[in-house]
Every structure is written in C-alpha cells, then in structure tokens.
Amino acid sequence: MTRPVLVTGSTGAIGGAICRKLHSCGYLPVLHYSSNREAAFELAREFGEPAAVIHADLLSENGASTLWAEVVKRFGPPVGLVNNAGIRVDVAFDADSSAWTAAWRRDLQLNLIAPAELCRLAVLTFRDRGGGRIVNIASNVVHMGKPNFI
C-alpha cells in the first residue's frame, strides 16, 4: 500500500533530506518543485519507481489547490504534508511602492497563504480518512538582522 506524503520545496537540502527519511521509513515522498525540475527528478531516481514528482507554482493563486488535487489524482490521498517551500524576498524599504508591494505579495503567498491552503486541504482529507500528519517548516531568517528587511 502506498502512503504518499507531499513535501513542498523538496529540491533543497532540507526538503531532500526529509524525502530521503520518509522513503527510508516506507512512505512515498511526493516531490514538489517549482523551478528545479532536474533536481527533483534526480532525487526521485534515488527512490526508483514510481517517480513521484509534481511541478506546481505555489506563487499562483490556485497553485496549492492544484498541487493537492494532482497528488490525490496520481498517488491517492496523502497521509502527510510537509510545508517546506519558502522564499525571502529582498526589497529595499524605500523601494518604489509597487515593487515593495509586489515583493511582499510574493513572500506572503509562498510563505503563508499557500501553506495555509495546503493545511486546510490536508485536514479535510485527513478528517475523512481517520487522520494524518502535517509538519510546517519555517526559517529563522527574521532573527538575522538584515539591512532593509522588515
């Protein structure tokens, strides 16, 4: 029986390590990527068949719901979700207002809205199936004291 676990941002060092651990414990890591297709398929080759790789743009308004639906369609309802994807948008405090707002919208979409939507979809799925697990990973970059970073 396949036990899929969706891992967003699986092509980075942390996401890759999480996927390897899940695989070693008998789960099917579903590798999400947005831009690094090569790294996603390279990691998937470590696990053999089936290749559980899905592209999704979590910066788009429907990216999270599209990703979740595709996981369910291809691999069955996930038993877990690891929200690992994240970005830090550098924008100067005194940047043009439209550039500043656009940067913050990207940041909030990927770091807050998409993970929240995935959590909502996961809970709805888990509730109907008797449970599941969610892990949300955040960064400590806010504590680093970067200039122009608020």
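The side chains of Arg20 and Glu46 meet in a salt bridge, with 2.9 Å from N to O. A salt bridge here is a side-chain nitrogen of Lys or Arg within 4 Å of a carboxyl oxygen of Asp or Glu. Arg20 belongs to helix H1 and Glu46 to helix H2, so the pair ties together parts that are 26 residues apart in sequence. Helices are DSSP runs of H or I with at least four residues, strands are runs of E with at least two, and both are numbered from the N terminus.

Before going further, please note that this is a predicted model, in which local features need pLDDT of at least 70, side-chain atom pairs count only at pLDDT 80 or more, and totals for chains, interfaces and linings use all residues. Residues are numbered from 1 along each chain as its sequence is written, and side-chain values use heavy atoms, with hydrogens and water left out.

How many salt bridges does the rule give? The count comes to two.

Buried means under 20%, exposed over 50%, and partly exposed in between, with a 1.4 Å probe and protein chains only.

| Residue | Relative accessible area | Class |
|---|---|---|
| Arg20 | 40% | partly exposed |
| Glu46 | 46% | partly exposed |
| Arg120 | 43% | partly exposed |
| Glu117 | 25% | partly exposed |

**Helix H1**

Helix H1 covers residues 13-24, twelve in number, and reaches 17 Å from its first C-alpha to its last, close to the 16 Å expected at 1.5 Å a residue. That expected span is 1.5 Å times one less than the number of residues.

Which residues of H1 are buried? They are Gly15, Gly16, Ile18, Cys19 and Leu22. These residues cover an arc of only 160° around the axis, which puts them on the same side of H1. The arc is taken from the directions that run from the helix axis to the C-beta atoms. On the other side of H1, Ala13, Ile14, Lys21 and Ser24 are exposed.

Cover for the buried residues of H1 includes strand S1 (4-7), strand S2 (28-33), helix H2 (37-47) and strand S4 (80-83). Contact means heavy atoms within 4.5 Å. Ala17 is also found in helix H1, and at 44% relative accessibility it counts as partly exposed. Just after H1, Gly26 takes a positive phi of about 95°.

**Helix H2**

In H2, the buried residues are Ala40, Leu43, Ala44 and Phe47. Seen down the axis of H2, they fall within an arc of 100°, so they line one face of the helix. Glu38 and Arg45 are exposed on the other side of H2. H1, S2 and strand S3 (53-55) are included in what covers the buried residues of H2. Gly48 follows H2, and its phi is positive, near 80°.

Ile14, Val135 and Ile137 make a nonpolar surface patch of about 240 Å². Patches are made of residues with over 30% relative accessible area and no salt bridge; like charges are joined within 9 Å, and nonpolar side chains (Val, Leu, Ile, Met, Phe, Trp, Tyr) within 5 Å. The areas come from the Shrake-Rupley method with a 1.4 Å probe, and for residues only the protein chains shown count as cover. Ile137 lies in the segment after strand S5 (133-136) and is partly exposed, with a relative accessible area of 31%.

Is Asn84 buried or exposed? Asn84 is buried, with a relative accessible area of 13%. Asn84 sits in the loop between S4 and H4. Leaving aside residues up to four places away in sequence, Asn84 touches Thr8, Gly9, Ile14, Gly15, Ile18 and Ile137.

**Helix H4**

Leu108 has its place in helix H4 (residues 97-129) and, at 38% relative accessibility, counts as partly exposed. Leu108 and Ser98 are ten residues apart in sequence and 15 Å apart in space, C-alpha to C-alpha.
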